[in-house]
Amino acid sequence: MARDRAAWDSDGSEPLPPGYRVGGWIVGEPIGAGGWATVYAGRPASVERDDGTAVALKVMPTAGLAPRQARRVAEAARREAELGRARHPGLVGLLDTLVLHAPDRPSLDGALVLVMERARCSLRELLGDGLEEAEGARIVTGICEGLAQLHRSGWVHGDLKPENVLIGRDGEVWLSDFGFAVELTGTHGYAAPMGTLGYLPPERWSEPLGEQGVLVRPTADIWALGIVIHEVFAAGAVPFGGATPAALRAAVQEYADGGAPLRLDPAVPEFWRAVVTDCLAPGHAARAPHTAERLLERIRGRDAGRAASARPRLRTVLPTLAACAVVAGGAVLWPDPENGRSGARTAQIRVFNAEAECRDRADRDPQCSLGLAVDPLVPYTARNVVPSRVWHGDVLDAACRLAEGLPVVDEAGRRGTAWYRVRVPRAAPAATAWLSAVRTEDRPELPSCTRPAHRGPVAHEGRPGRAHTVAGRQQLGMTAPLLSRASSLPQRDR
Ligand SMILES: Nc1ncnc2c1ncn2[C@@H]1O[C@H](COP(=O)(O)OP(=O)(O)OP(=O)(O)O)[C@@H](O)[C@H]1O
């Protein structure tokens, strides 16, 4: 029954280096890996195509697989593409599909690539510290919405678990990873005997394996939903344990046969205990009345009853965003000193240094520091840089985006005219400065900045300035332009 991870593992394939081009997309840092795919941050290769959507590239290698396995990967990618293209708000959206042409990297040549909306993190990453009940309820509602949509469209997810629930930049809840999804014919469908052990319903352990695979019905997702809801309210604890697959199976089977009661963690609140108990009804028939649609009605009915005391939606989003804060690209709130509004909607962006040797260092060497501009409309020189430096990986709060600032080219040749107004780190009182968009791979949705008052000569369009890695000796106030360490590269726009 267990998914054959060894056979599907993508570990054997070499990673794609940041900056690698895949079709119209550029690969960034790896952000996740599963049994048969590695997921990277990505961005469009051309500025024209960059509409600000943060993307993730899911790379599914097929090289070296037996033909049957390669067909399975292709089939999984097809299912992911079909469901991703539906663009339902509860399912992660798919933007593009490609085949990787990489004769120089044999283990990746021919890999299938899905270009998706990029999430901030997965539900798994939120569970460790526990979620507030209101936030847990919001996330569970989002999962039920996605599941109800899938089931309405005649599909079973087949691998629902916290890793496959993604949290979007503004706290959206998306179901993802439709590699095991099964299309139903009437009430049921057939799937390969795979899945994640801890989320398989009791009947699945004993279902006969026919020529078409094992029988799957939507109630399998409902069982998995019960486990996930329990985890949401019990800081990741599961109702059935077992150190080995056999012990886990025995625990589930004993409960299903009536030999042991359902033991739920005391931390799970009363309303949710009832929901989890229904989702974990021992057999398909007992679970069948509790469809995703009905569970959704039940949850919404309870929310409506509590509406008077309910907190505004934005406030319930915040704990998730705070817990996800290690992942750049999401929205947070901070007082915006430029427009005087405290609590203006902003986003977090992570600083990116195009020099690979600087990306590998964690010692904040001044040679690897980057400058924030005082004014995005005047040449990027020492006079136009604030004293506080930033380094690759720093996460900055950004308030808005200026599309047409001074053109800048980084050491890798990426060019851009966009700038983000960011809060200067370690500055007191709070001050803002500007980070060129070539210095971050994140593309959060932000309001347009008011064009700053013109304070100096504007560089000519077409003669881009360098996004400098600044040597420590170069201090604010020097009249000479900031020099790039990569002296072999042409110095432009001094
Ligand atoms: N669109 C996305 N945005 C951000 N992170 C993502 C995205 N898609 C996937 N990830 C991350 O990558 C991880 C692996 O992705 P995914 O589950 O799709 O791969 P898989 O190989 O199909 O996994 P599995 O072995 O569970 O079937 C996820 O758990 C998640 O952390």
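Both faces of strand 3 are covered in this predicted model. Thr38, Tyr40, Gly42 and Pro44 are buried on one side, and Val39, Ala41 and Arg43 are buried on the other. A residue counts as buried if 20 or more other C-beta atoms lie within 10 Å of its own, as exposed if 12 or fewer do, and as partly exposed in between, with C-beta atoms placed from the backbone. By this criterion seven of the seven residues of strand 3 are buried. Strands (E, at least two residues) and helices (H or I, at least four) are DSSP runs, numbered from the N terminus. Local features are given only at pLDDT of at least 70 and side-chain atom pairs only at pLDDT 80 or more, while totals for chains, interfaces and linings use all residues. Residues are numbered from 1 along each chain as its sequence is written.

Two strands are taken to pair if DSSP finds at least two bridges between them. Strand 2 and strand 3 are joined by six bridges in the antiparallel sense. They form a hairpin with four residues between them. Within this pair, Trp25 has Pro44 as its bridge partner.

The ligand is surrounded by 23 residues. Gly32, Gly34, Gly35, Ala37 and Ala56 are the closest. Strand 2 (25–33), strand 4 (55–60) and strand 6 (112–117) each supply at least two shell residues. Strand 2 gives the most, with three. The shell comprises 10 nonpolar, seven polar and six charged residues. Here Ala, Val, Leu, Ile, Met, Phe, Trp, Tyr, Cys and Pro count as nonpolar, Asp, Glu, Lys and Arg as charged, and the others, Gly among them, as polar. Domain 1 (21–118) and domain 2 (122–307) each contribute at least three residues to the shell. These bounds come from an automatic or database domain assignment.

The largest nonpolar core has 85 residues. A nonpolar core is a set of buried Ala, Val, Leu, Ile, Met, Phe, Trp, Tyr and Cys residues joined through C-beta atoms within 7 Å. Leu57, Val59, Val113, Ile143, Leu225 and Ile229 have the most contacts inside this core. Helix 6 (residues 218–233) gives the most to it, with 10 residues. The core also draws at least three residues from each of domain 1 and domain 2. Val113 touches Val22, Leu57, Lys58, Val59, Thr97, Leu98 and Leu100, leaving aside residues up to four places away in sequence. Contact requires C-beta atoms, placed from the backbone, within 7 Å. A second, separate core of 32 residues includes Ala373, Leu406, Ala437 and Cys449.

Another open sheet has three strands in the order 7-9-10, with antiparallel pairing. Strand 7 (121–122) and strand 10 (173–175) stand at its edges with a single partner strand each, so one side of each lacks a neighbour in the sheet. Strand 7 pairs with strand 9 (residues 165–167) over two bridges, in the antiparallel sense. Cys121 stands opposite Ile167 of strand 9.

Strand 17 (residues 395–402) is largely enclosed by the rest of the structure, because eight of its eight residues are buried. Four bridges pair strand 17 with strand 20 (residues 419–423) in the antiparallel sense. Ala398 has Val422 of strand 20 as its bridge partner.

Arg300 lies in helix 10 (residues 292–305). Arg300 is partly exposed, with 13 other C-beta atoms within 10 Å. Arg300 and Thr141 are 159 residues apart in sequence, yet 8.0 Å apart in space, C-alpha to C-alpha.

Overall, the chain has 12 helices and 23 strands. Of its 494 residues, 45% are buried. Among contacts with a separation of 6 or more, 66% join residues 24 or more positions apart.

Note on methods. Contact = placed C-beta atoms within 7 Å. Near = placed C-beta within 6 Å.
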